[in-house]
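Work through the exercises below with the sequence and the 3D structure at hand. Each task is followed by a solution in steps.

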Amino acid sequence: MMARNNAGIHERPPLSNARLGVLILLGAETMLFSGLIGTFLVFRVGNVTWPPPSHIGLELPRLVTGINTALLLLSSYTMFQARRAIQKDHVKQLRSWLLITGMLGLLFLGVQGSEWVQLIHNGLTLQSGVYGGIFYVLIGCHAVHVLTAVIWLFIVFGMAIAGRFSADGYVGVDTCTIYWIYVVALWPILYVLVYLL
Amino acid sequence: MHDNEHTSHHHEESFISKYIFSLDHKTIGKQFLIYGLIMFFVGGGLALLFRWQLAYPERPLPIIGASQQYMDEGEVATGADRMWERIYESEKEEWLEVNMPNGVIEPAFYNMLFTMHATIMVFFVIVPILVGTFGNFLIPLMIGTRDMAFPILNMLSFWLAVLAAIVMAIGFFVPGGHAAAGWTGYAPLSSDPQWTGVDWGQNLWAISLLIQGFSSLVGSINYITTVINMRAPGMTFFRLPLVIWSLFIVAILLLLAFPVLTSALALLIFDRLAGTTFFSATAEGGGDPLLWQHLFWFFGHPEVYILILPGMGIASELIAVFSRKPIFGYRSMVYAMIAIAFLGWIVWGHHMFQSGMRPGLGSVFMTTTMLIAVPSAIKTFNWLGTMFRGSIRFTTPMLHGIAFVSMFVIGGLSGIYMANTPVDIFIHDTYYIVAHIHYVVFGGSLFAIFGGIVFWFPKMYGRYMNDTLSKIHFWLTFIAFNCTFFPMHILGVGGHMRRISNPMQYEFLQGFEGMNIFITMSAFTLGFAQLILVFNFFWSMYRGKVAEQNPWQVNTLEWEAPTPVPHGNFGQIPTVYRGPYEYSVPGEEEDWVPQAQPEHAPATSGD
């Protein structure tokens, strides 16, 4: 063996290509949200009153969204359980945990959708100055990511039903977990910034 | 998910899967090259159009504008007149008639020309060729693997880029014309149609760049994963050739920078199509036009280094190979590139000295910008140190490499002037800036691209490019380039604003008429010189002298692969025993020691 020359190169890299690829993708996602969060902060800091005078009296649904936040955080726990199940080769448990996670994600989106309908009724639209604009774009961008994660998760769920995963091979579950956890972890930041501050 | 293993045996492929929707990194690299060259001529053609206008304002274009006699008297004198008469007859109120009535470029059309020239050159020529072509072709070959980590994403990256180019091209033909707010798309010029009269052109511009963003996203994920995970045995990070280092760093920059532009473009599209007011200071509850500049340049400055770093990498290869010496200070070269990439994130404000910024903040950006001179100087001195007392072979690629270093030094030095806020207040928005960017991106990146094409052509197509034509192309380009862009420094110091369609309207610029004519003639020479390159490229592809496996005697792994490189690249994956630049090692018989050559041991023993 040419141990000295080959030091640092592993026969199998510590992270498989797919896992590494998803992690790298998260770097780009972070920068995308940085741009939007930065925009939000510019407007938030640049306005003395927030919401601006034209929308005084308008309340974002903090309580409902707070409960919704808890739902989403719960889904990261169930996602973890799904991953642990397949690590132990419990395919049936994997399926049920995945289903629960997906349902929680859908519930989150449903609650948020009904909130939006309510807000539009109360007069907060995309055209309501930067207050409404950045609210819908930033929260909407996150919602699109949750939707992507849910679709991804149901594809993984379908693959689980088809028996494609085992304790020896569960890259599909892993990559979906990474993405799911990221999307969930992003939400409390947005909740605090947009709803509470 | 499949394992990383690929099968190396050949399998028959149809024409479509081999040349169109190919998954092979080499084919995708070549596709990006053809794509980039086509767009290079589109972008260059736009430049020649507005150069004509700058030298001969309000005068009909040659060829496109019919002859003077016909214009003046409506009489048909020549065959060309007859042809154009027919076209103009059918063109009343059509594209030519609107944009170039009687062959004269309209001011609005002029705005569109320079906007699209820069947009196409930056997003559709330099990045696709530097990153798309050389990244795809070189990364798997030089790190010693069979293909990219995600071949399907790789194909997707190319076809998304094609889609982006198509969307961008459609913009030329929509009512209202194409985007005309400059390639930087400053709001509110870009965010509100009432200022430029451009409607769907600007929308398509933004949508096309969004698509291009997705293309570079999947591309960069692919590059980073491949470099981290798929290096050949023995290929440690500090044995990577510098061009791979530069592409790796650039992939990280692209990955992190482009999403910021994506967010800005999304906000822009909402402003234009959904009635939001993010970039409008006048609307009630509206936002801030400066926000666009911050977002754009936060992307834009790393983008500048995306345009130059791979050029630095290519030049490092060329200079080491043809000086027959190890690159001077390999590790400092790597650290300098990392430093440039890092500093690129904290200097964006130097584009905005004139946009309204706290003076204190301006000096912070001034300082960080000047800091970039340090790693850039390290690189320059290392290139000179590499050439110093080397046995230099003045091949065409080497000429391009030397041209890269010289032109980059001029561009870099003029950059230091602009980094100084007080100087920038004077030369901001003048031709000095135009000279600077072209010395860096044309004089730098494009010479590296030309050198890289000539250098790797034997590996890409198994033939040499015709050397006489290559040399003629080099010298014509080099001379015409300097004649075109050097006088722009003088124009700039003389106060010649950029982005004006008719300098003769200003009394203090009328003295520059002669210089503008000289620049335009040089620019046309420069443009026609590129036809030599393209002719040589396609001619040599079929008729060039057949090249041996390693014609330049290079150490790096791509020359270990047979020529032409088969699907799967290597018969057996090579093992790497040394760094990439062991040239003229004392005691060795040859003046080069390939990376895959074992240390004084028989080839592969079975231990």
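A nonpolar core is a set of buried Ala, Val, Leu, Ile, Met, Phe, Trp, Tyr and Cys residues joined through C-beta atoms within 7 Å. The model used here is predicted.

**Exercise 1.** Find which residues touch the most other members of the largest nonpolar core, then list what Leu309(B) is in contact with beyond its neighbours within four places in sequence.

Solution. Step 1: the largest nonpolar core holds 229 residues. Step 2: those that touch the most other members are Ile244(B), Leu247(B), Phe248(B), Leu253(B), Leu255(B) and Leu309(B). Step 3: take Leu309(B) and set aside its neighbours within four places in sequence; its contacts are then Ser246(B), Ile249(B), Val250(B), Met337(B), Ile340(B) and Ala341(B).

**Exercise 2.** Describe the side of chain B that touches chain A, by helix and by residue class.

Solution. Step 1: count the contacts, which involve 39 residues of chain B and 36 residues of chain A. Step 2: assign them to helices; helix 9 (200-229), helix 10 (242-273) and helix 11 (289-323) of chain B each supply at least two residues. Step 3: helix 10 of chain B gives the most, with ten residues.

**Exercise 3.** Characterise chain A by its secondary structure, box and burial.

Solution. Step 1: chain A has six helices and zero strands. Step 2: along the principal axes, its C-alpha atoms fill a box of roughly 70 × 45 × 20 Å. Step 3: 32% of the 197 residues of chain A count as buried. Step 4: of the contacts in chain A between residues at least 6 apart in sequence, 81% join residues at least 24 apart.

Note on methods: Residues numbered from 1 in each chain as written. Chains lettered and ligands numbered in written order. Predicted model: local features only at pLDDT ≥ 70, side-chain atom pairs only at ≥ 80, totals over all residues. Contact = placed C-beta atoms within 7 Å. Helix = DSSP H or I, 4+ residues; strand = E, 2+ residues; numbered from the N terminus. Nonpolar A, V, L, I, M, F, W, Y, C, P; charged D, E, K, R; others polar. Buried ≥ 20, exposed ≤ 12 C-beta atoms within 10 Å, placed from the backbone.
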